[in-house]
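Please look at the sequence and the structure before reading on.

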Amino acid sequence: MSRRHTQPVRRTRRAVLAVAGAAALVAAAVPAVASSASGDGKTATAVTTASHSAPKPTVLLVHGAWADSSSWSPVIDQLQAQGYPVQALANPLRGLTSDAAYVKSRIESIEGPVVLVGHSYGGAVISEAAAQEPNVKALVYVAAFAPDKGETIGALAAKNPGSHATPDALNPVPFDAGNGASGVDLYIKPDKYRDVFAASLPARRADSLAAVQRPVSAVALEETATDAAWRDIPSWYLVTRQDHALPPATQRFMARRAHAHTSEVNAPHAVMLTRPDAVTGLIRHAATATR
């Protein structure tokens with residue numbers, strides 16, 4: 001998105017705030033955080049310097065394929081209870097470039113610092129969207145793709161064995177995009193959904209999620225990444241050891257490459273539903289370390 005469209009809006013907003021007499025809060029100090037992964041997926045954190053005057057950043061949550069923004073609900077509840085402003089947007093899941101442009105526009109609409117969180121395919125989207133966005137202070141990858149420039153989701157998904165999101169588990173559905181354009185949506189077959197996405201959830205809950213899943217366009221998995229914001233922005237990564245969609249070995253590879261603060265947890269791909277405490281904890285560490 002061109003910044004020529006966003007700057008007038010920002011200048012207008014700042015002028016209104018100035019007339020109202022609002023003053024920006026400035027952090028008195030930046031906390032230094034050292035984190036390490038523990039066996040139960042909890043990250044041990046030592047805060048050496050704390051700032052009590054800095055405002056808490058907005059946490060912007062980006063879901064991936066086969067879920068929707070409501071999948072973050074348990075995490076949202078915990079973050080809001082701790083005083084964090086939270087937004088969970090509806091990722092279009094149409095293509096990496098267009099999805100990243102959509103998320104970038106949301107980033108630019110937020111005043112103040114942002115902690116950007118992506119799950120699954122949403123990780124690739126935030127890696128593109130956060131590039132050259134100075135208000136994004138941290139990236140949090142939750143069982144997520146973190147491609148480098150020139151990589152595709154499809155290639156990363158096939159990097160290591162172990163994924164159950166194989167062609168026989170997916171249902172390709174052609175769609176008409178209008179103006180003579182068409183595409184193919186990929187759904188997880190209902191009888192495969194629990195195994196691939198949410199193995200530890202009760203069967204009835206998994207069946208409900210399968211019924212409301214948001215499909216991803218096949219082209220999104222084939223688009224080449226053009227940015228890797230994790231090269232410039234501090235990153236955190238939550239590895240899900242019982243993941244049947246994105247193999248843990250691939251998650252660890254991407255986390256190491258991004259020099260991310262990494263934690264692990266025994267959970268399936270839908271960790272935000274099964275272990276929201278682990279997800280919330282990692283987001284809080286990222287928010288605290290970058291305030």
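## Strands β6 and β10

Val-142 stands opposite Leu-238 in strand β10. The model in which this pairing is found is a predicted one. Strand β6 covers residues 136–142, and strand β10 covers residues 235–240. The two strands run parallel and are joined by four bridges.

## The sheet as a whole

Strands β6 and β10 belong to an open sheet of six strands, in the order β4-β3-β5-β6-β10-β11, and the pairing is parallel. The edges are formed by β4 (86–89) and β11 (261–265), each of which pairs on one side only. Ignoring direction, neighbouring strands in this sheet are turned by 15 degrees against each other on average. Strands of a sheet pair through backbone hydrogen bonds, and the pairing can be parallel or antiparallel.

The chain that holds this sheet has ten helices and eleven strands. Of its 291 residues, 47% are buried. Among contacts between residues at least 6 apart in sequence, 72% join residues at least 24 apart.

## Strand β5

Which strands pair with β5? On one side there is strand β3 (residues 58–62), which runs parallel to β5 and is joined to it by five bridges. Val-59 has Val-115 of β5 as its bridge partner. β5 also pairs with β6, again in the parallel sense, over six bridges. Here Val-114 stands opposite Val-136 in β6.

Are the residues of β5 (residues 114–119) buried or exposed? Six of its six residues are buried, and the strand is mostly covered. Both faces are covered: Val-114, Leu-116 and Gly-118 are buried on one side, and Val-115, Val-117 and His-119 are buried on the other.

## Helices α3 and α4

Helix α3 also packs against helix α4 (residues 121–129), at an angle of about 65 degrees and with the axes 8 Å apart. The crossing of these two helices is right-handed. On the α3 side, the residues that meet α4 are Leu-96, Asp-99, Ala-100, Val-103, Lys-104 and Ile-107. On the α4 side they are Tyr-121, Ala-124, Val-125, Glu-128 and Ala-129. Sorted by class, this contact has eight nonpolar, no polar and three charged residues.

## Helices α2 and α10

Helix α10 (residues 276–289) has a helix neighbour too: its axis and that of helix α2 (residues 73–81) come within 9 Å and cross at roughly 50 degrees. An angle of this kind makes α2 oblique to α10. The crossing is right-handed. From α2, the contact uses Pro-74, Val-75, Gln-78 and Leu-79. From α10, it uses Pro-276, Asp-277, Val-279, Thr-280, Ile-283 and Arg-284. By class, the contact of α2 with α10 has six nonpolar, two polar and two charged residues.

## Two buried helix residues

Ala-286 lies in helix α10. Why does Ala-286 count as buried? Its relative accessibility is 0%, and buried means under 20%. Leaving out residues up to four places away in sequence, Ala-286 touches Val-115, Ala-138, Val-140 and Trp-236. Ala-286 and Ala-138 are 148 residues apart in sequence, but their C-alpha atoms are 6.2 Å apart in space.

Thr-250 is part of helix α8 (residues 248–257). Thr-250 also has 0% relative accessibility and therefore counts as buried. Beyond residues up to four places away in sequence, Thr-250 touches Leu-156, Lys-159 and Asn-160. The C-alpha atoms of Thr-250 and Ala-146 are separated by 9.9 Å, while the two residues are 104 residues apart along the chain.

Note on methods. Residues numbered from 1 in each chain as written. Predicted model: local features only at pLDDT ≥ 70, side-chain atom pairs only at ≥ 80, totals over all residues. Heavy atoms only, no water. Axes fitted to C-alpha atoms, helices over the stretch in contact; angles between N-to-C directions. Parallel < 35°, antiparallel > 145°, perpendicular 65-115°, else oblique. Left-handed = near helix turned anticlockwise from the far one by under 90°. Contact = heavy atoms within 4.5 Å. Nonpolar A, V, L, I, M, F, W, Y, C, P; charged D, E, K, R; others polar. Buried < 20%, exposed > 50% of the residue type's maximum accessible area, 1.4 Å probe, protein only. Pairing = 2+ DSSP bridges.
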